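Dear colleague,

Please find the structure below, together with its sequence. My notes on its charged side chains follow.

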Amino acid sequence: MDFSVKKLASDAGVFFSRAVQFTEEKLGQAEKTELDAHFENLLARADSTKNWTEKILRQTEVLLQPNPGARIEEFLYEKLDKKIPVRNTNADLLGQYMIEAANEFGPGSPYGSTLIKVGETQKQLGGAERDFMHSASVNFLTPLRNFLEGDWRTISKERRLLENRRLDLDACKARLKKAKAAEAKAAAVPDFQETRPRNYILSASASAAEHELRVAQTEFDRQAEVTRLLLEGISSTHMNHLRCLKEFAEAQATYYAQCYQYTLDLQKQLGSSNGEIFPGTFVVNSPHASSPPVSPTSAATIPVVSAVAGASNNTTTVDSMLNLSDVKPPSSGTRKARVLYDYDAADSSELSLLADELITVYSLPGMDPDWLIAEKGNQKGKVPVTYLELLS
């Protein structure tokens, strides 16, 4: 018990001495031992590494898991040393919904079969995303997290210890300076017998201060060397993070390559990879930027009239016809369309339209793909595709 009290008193004295020295330094009333420029550069480099590693780590976590609630849940699982449950990605869920919708609409229908194809591709994309997230977490996030929770904590601990040793050293310097000043002041006074004991005490105090200073200097130098070695290890940390960064880039490249391949295969399955044109039909091109928005259903195929009365089959166009009324619709293959917007005919070859009207449309060889021939009662004329929603 006696030993504990003495140790407590000693620790309290050291803490008080450091507090006094720190306060006087802040007030400019005490000198501070400065570290060399190389050491200061190592400290600045270490602080910069820690700060940027934290930012990169946090933003990579956001990239891999944008949902903050899910990130918190994964963090709790890690702290509790429990296995993180497998979580479906958004692509997985989308693919699942598409397949379920296809089963309800009928997998044999064109829409249902396409939903199944797209849904399976979405599931493949989800699997690739999970593989990328796992690879990035293991090969990139884990090393960054280990640095912050391991090496950096050790560096911070040794830096705090170095600061304490520096405060002890400067406090000893201050005490020695005061002891030397008191001894010099006493030496200037004539030597009387009654003042000799006090002079002996001042001399002993100066000698003790010199001994404390030597001990404090030794401890400071030792701690400075330990801290320096740890700070120089930041170069090795950079090399390790460089290797992890390359692995992250490779994993990301693999992920996007897989996504491209999956979507390319899907595009080929849907017959849209090369703008497939079926016999006797043509594909309606996308509208110009200045045209009204096009309904997805308008990107369908329209039958082409194989022959036009009074016209040749090679270069005949509506614009070159003298009389649009001579154009005869095909006996089969015409399509119904719903008018999306009101349209005012610009000339006699065009047909004015009102929104929500139902009209019959077809195409002619050599026509501008942005236009169709429309019939409404006894009226006939050209209409822009962008104003139509093609029906089955």
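Which side chain meets Glu 61 in a salt bridge? The partner is Arg 145, with 2.8 Å from N to O; a salt bridge here is a side-chain nitrogen of Lys or Arg within 4 Å of a carboxyl oxygen of Asp or Glu. This pair links distant parts of the chain, as Glu 61 lies in helix α2 (residues 37–64) and Arg 145 in helix α5 (residues 110–187), 84 residues apart. Helices are DSSP runs (H or I, at least four residues), numbered from the N terminus.

Please note that the model is predicted: local features need pLDDT of at least 70, side-chain atom pairs count only at pLDDT 80 or more, and totals for chains, interfaces and linings use all residues. Residues are numbered from 1 along each chain as its sequence is written, and side-chain values use heavy atoms, leaving out hydrogens and water.

Arg 145 counts as buried because its relative accessibility is 17%, whereas Glu 61, at 24%, is partly exposed. Buried means under 20% relative accessible area, exposed over 50%, and partly exposed in between (1.4 Å probe, protein chains only).

A second salt bridge joins Glu 247 to Arg 243, with the closest N and O atoms 3.2 Å apart. These two residues are 4 residues apart in helix α7 (residues 234–269), so about one helical turn separates them. Glu 247 is partly exposed at 27%, as is Arg 243 at 43%.

Glu 375 also forms a salt bridge with Lys 380, at 3.7 Å between the closest N and O atoms. The whole structure holds 14 salt bridges.

Yours sincerely
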